[in-house]
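Please examine the following model with its sequence at hand.

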Amino acid sequence: MSIQNIDVKYTAVATAENGRDGRVASDDGKLDVVVNPPKEMGGSGAGTNPEQLFAAGYSACFQGALGVVARREKADISGSTVTAKVGIGPNGDGGFGLEVELVASIPNVDAATAQSLVEQAHQVCPYSNATRGNIKVDVKVA
C-alpha cells in the first residue's frame, strides 16, 4: 500500500480532551460535543462517542460521493439516504477494531442502477478510500 499524494483543499481540525470520556471540539467552534463511552462498553452513554461521529462523517461523505457519481451517470438520487453502522470491538490482538456497514436507499432508480451507483461511490468516497484494506466495510443497497 502506498501513501497518496493529494492536493489538499481543506483541513479539518478538532481537539479532544479526556479521550473517550470528555469533549471534542473543532477549531472553528462549529462542532463541540461531549463524548462518553456507550453503555455497551461500560460508559454512561450520556454523550456521543467516536463511533457515532465516524458513522455521521462516513454516511455524509458517502452520500456526497453518491451525488458525484449520480451526476456523472445522470441518475436521479433525490430522496436517497445513506446509513452507516460502525461497530467496535476487541480485535484479538489486545486492541480494538472497527467494522462498517453502509446501506444506501435510492428510491428513484432500479436495483441494478442503484447497485452500480453504490459501487462507483465506494471508489470515489474519501472515507472508503481511507478505510479500504484496513477495516471490513460492507456496502449494500436497501
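Strand β5 (residues 96-105) pairs with β6 in the parallel sense over six bridges; strands here are DSSP runs of E of at least two residues, helices are runs of H or I of at least four, and both are numbered from the N terminus. Two strands count as paired if DSSP finds at least two bridges between them. Within this pairing, Ala104 has Val141 of β6 as its bridge partner. The model is predicted, so local features need pLDDT of at least 70 and side-chain atom pairs count only at pLDDT 80 or more, while totals for chains, interfaces and linings use all residues. Residues are numbered from 1 along each chain as its sequence is written, and side-chain values use heavy atoms, with hydrogens and water left out.

The two strands belong to an open sheet of three strands in the order β4-β5-β6, with mixed pairing. Its edge strands are β4 (81-90) and β6 (136-141), each of which pairs on one side only. From one strand to the next, the twist averages 15°. In general, strands of a sheet pair through backbone hydrogen bonds, either parallel or antiparallel.

Helix α1 (residues 50-73) lies across β4, β5 and β6 and runs at about 145° to β4. Helix α2 (residues 111-124) also packs on the sheet, where it touches β5 and β6, and its direction makes about 150° with that of β6. Such angles run from 0 to 180 degrees between N-to-C directions, with axes fitted to C-alpha atoms, for helices over the stretch in contact; contact means heavy atoms within 4.5 Å.

A further pairing joins strand β1 (residues 14-17) and strand β2 (residues 22-26), in the antiparallel sense over four bridges. The two form a hairpin with four residues between them, and Asn18 in the turn has a positive phi of about 65°. Ala14 stands opposite Ser26 in β2. Ser26 counts as buried at 16% relative accessibility (buried is under 20% relative accessible area, exposed over 50%, partly exposed in between, with a 1.4 Å probe and protein chains only). Leaving aside neighbours within four places in sequence, Ser26 is in contact with Val13, Ala14 and Leu31. A polar atom of the Ser26 side chain lies 3.3 Å from the backbone nitrogen of Lys30.

The structure accordingly holds zero disulfides. Cys61 counts as buried at 18% relative accessibility, and Cys125 counts as buried at 0%.

The whole structure contains three aromatic pairs, where rings of Phe, Tyr and Trp (its six-membered ring) pair if their centres lie within 6.5 Å, and planes under 30 degrees apart count as stacked, over 60 as edge-to-face and the rest as tilted. Phe54 and Tyr58 form an edge-to-face pair, 5.8 Å centre to centre with 70° between the planes. Both residues lie in helix α1, four residues apart, about one turn of the helix. Tyr58 is buried at 0% relative accessibility, whereas Phe54 is partly exposed at 23%. Phe54 also forms a tilted pair with Tyr127, at 5.7 Å and 40°. Phe54 lies in helix α1 and Tyr127 in helix α3 (residues 126-131), so this pair ties together parts that are 73 residues apart in sequence. Phe54, Tyr58 and Tyr127 form one aromatic cluster.

Methods. Disulfide = S-S within 2.5 Å. Polar contact = N/O pair within 3.5 Å; in protein donor to acceptor, adjacent residues only side chain to side chain.
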